[in-house]
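I opened this notebook to record what I looked up about the packing of helices.

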Amino acid sequence: MYMKVFSERLTELRKDRGLSQATVAKALGVSLGIVCYWETNKSDPTATNVAKIARYFRVSADYLLGLDES
């Protein structure tokens with residue numbers, strides 16, 4: 001359940017900011033394919049990558065994982 005919420009929130013954050021998957025991948029130091037996999041819920045990010053994503057989008061890891069709504 002948490003990873004489905006994660007994939008939806010990652011996609012929403014990226015699109016709301018008008019960013020491409022390639023831009024996010026480059027900023028996070030991961031491949032374009034892995035961002036695509038995260039957004040389609042085909043792969044789970046590591047804890048380190050969840051932290052990177054949270055910092056990049058200035059949200060909490062709890063928000064990304066659906067544990068907090070703010």
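Which residues in helix α3 (residues 32-39) are buried? I found Val-35, Trp-38 and Glu-39 buried there, where buried means under 20% relative accessible area, exposed over 50% and partly exposed in between, with a 1.4 Å probe and protein chains only. Because they cover an arc of only 95° around the axis, they lie on the same side of α3; the arc is that of the directions from the helix axis to the C-beta atoms.

Notes on the source. I am reading a predicted model, in which local features need pLDDT of at least 70, side-chain atom pairs count only at pLDDT 80 or more, and totals for chains, interfaces and linings use all residues. Residues are numbered from 1 along each chain as its sequence is written, and side-chain values use heavy atoms, with hydrogens and water left out. Helices (H or I, at least four residues) and strands (E, at least two) are DSSP runs, numbered from the N terminus.

Entry on the end of α3.

Entry on α2 and α3. I looked up the axes of helix α2 (residues 21-28) and α3, which come within 8 Å and cross at roughly 110°. Axes are lines fitted to C-alpha atoms, for helices over the stretch in contact, and angles run from 0 to 180 degrees between N-to-C directions. The angle makes α2 roughly perpendicular to α3 (65 to 115 degrees; under 35 counts as roughly parallel, over 145 as roughly antiparallel and the rest as oblique). On the α2 side I listed Gln-21, Ala-22, Ala-25 and Leu-28, which meet Leu-32, Val-35, Cys-36, Trp-38 and Glu-39 of α3; contact means heavy atoms within 4.5 Å.

Entry on α2 and α4. What angle do α2 and α4 make? They pack at about 115°, with their axes 10 Å apart, which makes α2 roughly perpendicular to α4. I recorded Thr-23, Val-24, Ala-27 and Leu-28 of α2 in contact with Lys-52, Ile-53, Tyr-56 and Phe-57 of α4.

Entry on Asn-49. This residue is found in helix α4 (residues 47-57). Is Asn-49 buried or exposed? I found Asn-49 buried, with a relative accessible area of 14%. Leaving aside its neighbours within four places in sequence, Asn-49 is in contact with Val-30 and Trp-38.
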